[in-house]
Amino acid sequence: MIRSAILVLTLSLAACSHLTPYQMDIRQGNLITPEMREKLKLGMSKQQVRYVMGTPLLADAFHENRWDYEYSLAQRGKLAERQGMTLYFEGDNLARIDDAAMPHLPAQTVAEPVPQALAASAVPVVMPEPVASVPAAVPQVQASLDAWAAAWSARDGKAYLAAYAPTFKPEGMSYSAWQKQRLQRIAQAKSIAVTLSEVAVQMQDDSHAMATFTQHYHADGYQDVVHKSIKLEKSGDAWLIVAETVQK
(Lines give C-alpha, C1' and ligand atoms only; values in the text may rest on other atoms or scores of the structure.)
Protein backbone atom coordinates (compact mmCIF):
# COMPACT_ATOMS: atom_id res chain seq x y z
CA MET A 1 0.00 0.00 0.00
CA ILE A 2 2.76 2.39 0.96
CA ARG A 3 4.73 1.49 -2.16
CA SER A 4 1.68 2.25 -4.33
CA ALA A 5 1.23 5.68 -2.72
CA ILE A 6 4.91 6.50 -3.28
CA LEU A 7 4.65 5.41 -6.91
CA VAL A 8 1.56 7.63 -7.50
CA LEU A 9 3.29 10.60 -5.85
CA THR A 10 6.43 10.07 -7.98
CA LEU A 11 4.43 9.95 -11.20
CA SER A 12 2.49 13.10 -10.20
CA LEU A 13 5.69 15.03 -9.56
CA ALA A 14 7.13 13.88 -12.89
CA ALA A 15 4.04 15.08 -14.74
CA CYS A 16 4.13 18.45 -12.98
CA SER A 17 7.76 18.95 -14.00
CA HIS A 18 6.55 19.67 -17.54
CA LEU A 19 4.31 22.54 -16.46
CA THR A 20 5.34 26.01 -17.62
CA PRO A 21 3.96 29.31 -16.30
CA TYR A 22 1.37 31.10 -18.43
CA GLN A 23 2.70 34.15 -20.23
CA MET A 24 0.35 36.89 -21.41
CA ASP A 25 0.41 38.38 -24.89
CA ILE A 26 2.42 41.62 -24.90
CA ARG A 27 1.82 44.28 -27.55
CA GLN A 28 4.13 47.26 -27.84
CA GLY A 29 4.24 50.24 -30.17
CA ASN A 30 2.12 51.44 -33.10
CA LEU A 31 0.19 48.81 -35.08
CA ILE A 32 0.44 49.75 -38.78
CA THR A 33 -2.59 48.54 -40.73
CA PRO A 34 -2.70 48.25 -44.55
CA GLU A 35 -5.32 51.01 -44.56
CA MET A 36 -2.96 53.37 -42.70
CA ARG A 37 -0.08 52.58 -45.08
CA GLU A 38 -2.30 53.19 -48.11
CA LYS A 39 -3.29 56.65 -46.84
CA LEU A 40 0.34 57.66 -46.24
CA LYS A 41 1.54 59.81 -49.16
CA LEU A 42 4.74 61.73 -49.89
CA GLY A 43 4.32 65.46 -49.46
CA MET A 44 1.94 65.15 -46.52
CA SER A 45 2.54 67.56 -43.63
CA LYS A 46 3.60 66.31 -40.20
CA GLN A 47 0.11 67.09 -38.93
CA GLN A 48 -1.46 64.99 -41.68
CA VAL A 49 0.95 62.12 -41.01
CA ARG A 50 0.16 62.21 -37.29
CA TYR A 51 -3.55 62.15 -38.15
CA VAL A 52 -3.08 58.95 -40.19
CA MET A 53 -0.38 57.16 -38.18
CA GLY A 54 -0.69 58.54 -34.67
CA THR A 55 2.21 59.72 -32.53
CA PRO A 56 5.46 57.87 -33.35
CA LEU A 57 6.80 55.49 -30.73
CA LEU A 58 10.32 56.87 -31.19
CA ALA A 59 10.84 60.61 -31.64
CA ASP A 60 14.25 62.18 -31.15
CA ALA A 61 14.29 65.90 -30.36
CA PHE A 62 17.69 66.13 -32.06
CA HIS A 63 16.38 64.49 -35.26
CA GLU A 64 12.97 66.06 -35.73
CA ASN A 65 12.89 65.09 -39.41
CA ARG A 66 12.87 61.35 -38.62
CA TRP A 67 9.92 59.50 -37.11
CA ASP A 68 10.15 55.83 -36.20
CA TYR A 69 7.09 53.60 -35.82
CA GLU A 70 7.66 50.19 -34.21
CA TYR A 71 5.25 47.41 -33.27
CA SER A 72 5.79 43.99 -31.76
CA LEU A 73 3.60 41.18 -30.45
CA ALA A 74 4.98 38.59 -28.05
CA GLN A 75 2.90 35.45 -27.49
CA ARG A 76 3.87 32.93 -24.80
CA GLY A 77 7.32 34.47 -24.54
CA LYS A 78 8.00 34.36 -28.28
CA LEU A 79 8.12 37.23 -30.76
CA ALA A 80 5.18 36.49 -33.08
CA GLU A 81 4.98 39.73 -35.06
CA ARG A 82 7.19 42.73 -35.66
CA GLN A 83 6.65 45.80 -37.82
CA GLY A 84 8.83 48.80 -38.43
CA MET A 85 8.54 51.97 -40.46
CA THR A 86 10.72 55.08 -40.59
CA LEU A 87 9.48 58.35 -42.05
CA TYR A 88 11.79 61.15 -43.18
CA PHE A 89 10.70 64.77 -43.54
CA GLU A 90 12.11 67.78 -45.36
CA GLY A 91 10.87 70.72 -43.36
CA ASP A 92 7.21 69.98 -42.65
CA ASN A 93 6.65 67.59 -45.57
CA LEU A 94 7.03 63.82 -45.80
CA ALA A 95 9.96 63.12 -48.17
CA ARG A 96 10.71 59.39 -47.81
CA ILE A 97 9.05 56.26 -46.44
CA ASP A 98 11.24 53.37 -45.32
CA ASP A 99 8.97 50.41 -44.63
CA ALA A 100 11.43 47.62 -45.35
CA ALA A 101 10.72 46.17 -41.91
CA MET A 102 6.96 46.02 -42.44
CA PRO A 103 6.72 42.25 -43.22
CA HIS A 104 6.25 40.05 -40.19
CA LEU A 105 9.47 38.38 -39.08
CA PRO A 106 9.79 34.74 -38.00
CA ALA A 107 9.12 34.13 -34.35
CA GLN A 108 12.18 34.10 -32.12
CA THR A 109 12.40 32.84 -28.57
CA VAL A 110 12.64 35.68 -26.08
CA ALA A 111 11.54 33.88 -22.92
CA GLU A 112 13.78 33.54 -19.92
CA PRO A 113 14.50 29.97 -18.75
CA VAL A 114 11.92 28.67 -16.28
CA PRO A 115 13.47 28.22 -12.82
CA GLN A 116 13.75 24.53 -11.96
CA ALA A 117 12.01 25.04 -8.63
CA LEU A 118 9.00 26.56 -10.37
CA ALA A 119 8.91 23.90 -13.08
CA ALA A 120 8.86 21.15 -10.48
CA SER A 121 6.16 22.80 -8.40
CA ALA A 122 3.04 20.70 -7.91
CA VAL A 123 0.88 23.83 -7.52
CA PRO A 124 -1.60 24.01 -10.45
CA VAL A 125 -1.20 26.96 -12.80
CA VAL A 126 -4.32 29.17 -13.06
CA MET A 127 -4.81 30.37 -16.63
CA PRO A 128 -6.16 33.93 -16.79
CA GLU A 129 -8.80 34.95 -19.30
CA PRO A 130 -7.36 35.92 -22.72
CA VAL A 131 -6.76 39.63 -23.16
CA ALA A 132 -9.31 41.10 -25.55
CA SER A 133 -7.81 42.56 -28.71
CA VAL A 134 -8.00 46.30 -29.25
CA PRO A 135 -10.69 47.25 -31.82
CA ALA A 136 -9.14 48.45 -35.07
CA ALA A 137 -10.96 51.80 -34.80
CA VAL A 138 -9.31 52.75 -31.48
CA PRO A 139 -5.95 53.83 -33.04
CA GLN A 140 -7.93 55.86 -35.60
CA VAL A 141 -9.84 57.68 -32.85
CA GLN A 142 -6.59 58.33 -30.98
CA ALA A 143 -5.00 59.65 -34.19
CA SER A 144 -7.94 62.04 -34.65
CA LEU A 145 -7.46 63.34 -31.11
CA ASP A 146 -3.72 63.79 -31.72
CA ALA A 147 -4.43 65.72 -34.93
CA TRP A 148 -6.98 67.91 -33.13
CA ALA A 149 -4.49 68.78 -30.37
CA ALA A 150 -1.72 69.32 -32.96
CA ALA A 151 -3.88 71.73 -35.01
CA TRP A 152 -4.76 73.63 -31.84
CA SER A 153 -1.08 73.85 -30.85
CA ALA A 154 -0.13 75.01 -34.35
CA ARG A 155 -2.79 77.75 -34.15
CA ASP A 156 -4.35 76.31 -37.32
CA GLY A 157 -7.94 77.43 -36.80
CA LYS A 158 -9.23 75.80 -39.98
CA ALA A 159 -7.83 72.36 -39.12
CA TYR A 160 -8.97 72.76 -35.50
CA LEU A 161 -12.59 73.41 -36.52
CA ALA A 162 -12.44 70.59 -39.08
CA ALA A 163 -12.15 68.17 -36.15
CA TYR A 164 -15.73 69.03 -35.13
CA ALA A 165 -18.88 67.65 -36.75
CA PRO A 166 -21.47 70.08 -38.14
CA THR A 167 -23.87 68.61 -35.56
CA PHE A 168 -21.65 69.74 -32.65
CA LYS A 169 -23.68 71.85 -30.22
CA PRO A 170 -21.57 74.29 -28.13
CA GLU A 171 -22.91 75.24 -24.74
CA GLY A 172 -24.60 78.65 -24.46
CA MET A 173 -24.20 79.83 -28.08
CA SER A 174 -24.91 78.99 -31.68
CA TYR A 175 -22.51 76.89 -33.72
CA SER A 176 -21.56 79.82 -35.98
CA ALA A 177 -20.94 82.12 -33.01
CA TRP A 178 -18.80 79.44 -31.37
CA GLN A 179 -16.76 79.00 -34.56
CA LYS A 180 -16.12 82.74 -34.75
CA GLN A 181 -15.10 82.87 -31.09
CA ARG A 182 -12.69 79.93 -31.42
CA LEU A 183 -11.03 81.35 -34.54
CA GLN A 184 -10.58 84.72 -32.84
CA ARG A 185 -9.03 83.24 -29.70
CA ILE A 186 -6.66 81.01 -31.66
CA ALA A 187 -5.57 83.88 -33.91
CA GLN A 188 -4.96 86.26 -30.99
CA ALA A 189 -2.75 83.83 -29.06
CA LYS A 190 0.98 84.23 -29.68
CA SER A 191 1.66 80.63 -28.70
CA ILE A 192 -0.44 77.61 -27.80
CA ALA A 193 0.62 74.20 -26.51
CA VAL A 194 -1.95 71.44 -25.97
CA THR A 195 -1.00 67.95 -24.81
CA LEU A 196 -3.23 65.02 -23.91
CA SER A 197 -2.47 62.37 -21.30
CA GLU A 198 -4.24 59.34 -19.83
CA VAL A 199 -6.21 58.92 -23.06
CA ALA A 200 -8.80 56.14 -22.93
CA VAL A 201 -11.08 55.26 -25.86
CA GLN A 202 -14.21 53.14 -25.54
CA MET A 203 -16.03 52.04 -28.70
CA GLN A 204 -19.82 52.27 -28.42
CA ASP A 205 -20.36 50.74 -31.86
CA ASP A 206 -18.63 50.77 -35.26
CA SER A 207 -19.26 54.50 -35.78
CA HIS A 208 -19.43 55.99 -32.28
CA ALA A 209 -16.76 56.29 -29.59
CA MET A 210 -16.22 57.95 -26.21
CA ALA A 211 -12.78 59.30 -25.28
CA THR A 212 -11.65 60.54 -21.88
CA PHE A 213 -8.33 62.24 -21.16
CA THR A 214 -6.50 64.94 -19.23
CA GLN A 215 -5.86 68.09 -21.27
CA HIS A 216 -2.85 70.31 -20.52
CA TYR A 217 -3.22 73.78 -22.04
CA HIS A 218 -0.59 76.57 -22.17
CA ALA A 219 -1.05 79.88 -24.00
CA ASP A 220 0.61 83.28 -23.52
CA GLY A 221 1.53 82.69 -19.89
CA TYR A 222 -1.82 81.11 -18.98
CA GLN A 223 -2.15 77.42 -18.27
CA ASP A 224 -4.74 75.00 -16.98
CA VAL A 225 -5.38 71.29 -16.65
CA VAL A 226 -8.85 69.85 -17.22
CA HIS A 227 -10.42 66.44 -17.61
CA LYS A 228 -12.48 65.99 -20.76
CA SER A 229 -15.00 63.52 -22.09
CA ILE A 230 -15.48 63.68 -25.85
CA LYS A 231 -17.98 61.85 -28.04
CA LEU A 232 -16.83 61.13 -31.57
CA GLU A 233 -18.70 59.94 -34.64
CA LYS A 234 -17.26 58.40 -37.78
CA SER A 235 -17.82 60.44 -40.94
CA GLY A 236 -16.28 58.81 -43.99
CA ASP A 237 -12.67 58.07 -43.00
CA ALA A 238 -12.63 60.70 -40.22
CA TRP A 239 -13.69 60.64 -36.58
CA LEU A 240 -15.33 63.97 -35.68
CA ILE A 241 -16.20 65.49 -32.31
CA VAL A 242 -19.95 65.72 -31.70
CA ALA A 243 -19.97 66.61 -27.99
CA GLU A 244 -17.52 67.44 -25.22
CA THR A 245 -17.73 67.81 -21.45
CA VAL A 246 -15.12 69.57 -19.32
CA GLN A 247 -14.42 68.84 -15.66
CA LYS A 248 -11.76 70.84 -13.84
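Alanine 136 counts as exposed, with a relative accessibility of 58% (exposed means over 50% relative accessible area, buried under 20%, and partly exposed in between, with a 1.4 Å probe and protein chains only). This residue sits in the loop between helix 4 (116-119) and helix 5; helices here are DSSP runs of H or I with at least four residues, strands are runs of E with at least two, and both are numbered from the N terminus. Although alanine 136 and leucine 31 are 105 residues apart in sequence, their C-alpha atoms are 9.3 Å apart in space. All of this comes from a predicted model, in which local features need pLDDT of at least 70 and side-chain atom pairs count only at pLDDT 80 or more, while totals for chains, interfaces and linings use all residues. Residues are numbered from 1 along each chain as its sequence is written, and side-chain values use heavy atoms, with hydrogens and water left out.

Zooming out, the protein has seven helices and ten strands. Buried residues account for 30% of its 248 residues. Contact means heavy atoms within 4.5 Å, and among contacts between residues at least 6 apart in sequence, 52% join residues at least 24 apart.

Next comes the inside. In soluble globular proteins, nonpolar side chains tend to be buried together. A nonpolar core is a set of buried Ala, Val, Leu, Ile, Met, Phe, Trp, Tyr and Cys residues joined through side-chain atoms within 4.5 Å. The largest one holds 28 residues, and the members touching the most others are Trp148, Trp152, Tyr160, Tyr164, Ile192, Leu232 and Ile241. At least two residues of this core come from each of several elements, including helix 6 (157-162), helix 7 (175-188) and strand 7 (192-205). Helix 5 gives the most, with eight residues. A second, separate core has 13 residues, among them Met36, Leu87, Phe89 and Leu94.

Helix 3 (residues 46-53) has its own buried set: Lys46, Val49, Val52 and Met53. Looking down the helix axis, these buried residues fall within an arc of 125 degrees, so they line one face of helix 3 (the arc is that of the directions from the helix axis to the C-beta atoms). They pack against helix 2 (34-39), strand 3 (66-75), strand 4 (78-90), strand 5 (93-98) and helix 5. Just after helix 3, glycine 54 takes a positive phi of about 85 degrees.

Four strands form an open sheet in the order 7-8-9-10, with antiparallel pairing; two strands pair if DSSP finds at least two bridges between them. Strand 7 and strand 10 stand at the edges with a single partner strand each, so one side of each has no neighbour in the sheet.

Strand 9 and strand 10 run antiparallel and are joined by nine bridges. Along this pair, histidine 227 stands opposite glutamine 247 in strand 10, and lysine 231 stands opposite alanine 243. The two strands form a hairpin with two residues between them, and glycine 236 in the turn has a positive phi of about 70 degrees.
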